[in-house]
Amino acid sequence: MALFPRHRLSRDGHHVRILHIEVERMLDANFNLGRYAEAHQIDILGIALHWAHQSLEGVEIAQEVKRGSPSTFLVAGGLTASAFAGEIVSTTPFDAVVRGEGEEPMRVLAEELYQAKLQGRCPDLANVPNL
């Protein structure tokens, strides 16, 4: 997730963390994003699939997250994700793809997931733009 959605989400009251997985793994060779997501109760996690050469690693990271934290909502974004949104959602662990600019879709998605959790219902993603 880029910095501009982070600022907007933080301003709207959501707790946001940005991790660089390679830095985390450099600091701790045993770092596992799935265990991290579970331990920190991460509700939504965005993974950049901007360039095609990042796609396989992004999918592998998504698999790692779902193994360790199955309830974390996984979102892909970026150029490659936007171009192949249908294929990504139907063949990978990603729950959704944000196509194009992500600031407003991530804000609406975060709020909907939060409200659904509070109300004990399934999220309604129909009103999330670019999803």
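Helices here are DSSP runs of H or I with at least four residues, and strands are E runs of at least two, both numbered from the N terminus. The model is predicted, so local features need pLDDT of at least 70 and side-chain atom pairs count only at pLDDT 80 or more, while totals for chains, interfaces and linings use all residues. Residues are numbered from 1 along each chain as its sequence is written, and side-chain values use heavy atoms, with hydrogens and water left out.

With 15% relative accessibility, E112 counts as buried, a label for residues under 20% relative accessible area; over 50% is exposed, and in between is partly exposed (1.4 Å probe, protein chains only). Leaving aside residues up to four places away in sequence, E112 touches R121, P123, D124 and L125, where contact means heavy atoms within 4.5 Å.

V23 sits in helix α2 (residues 21–27). V23 has 34% relative accessibility, so it goes down as partly exposed.

β1 pairs with strand β2 (residues 73–77) in the parallel sense, over 5 bridges; pairing takes at least two DSSP bridges between two strands. Over in β2, G77 is the bridge partner of A48.
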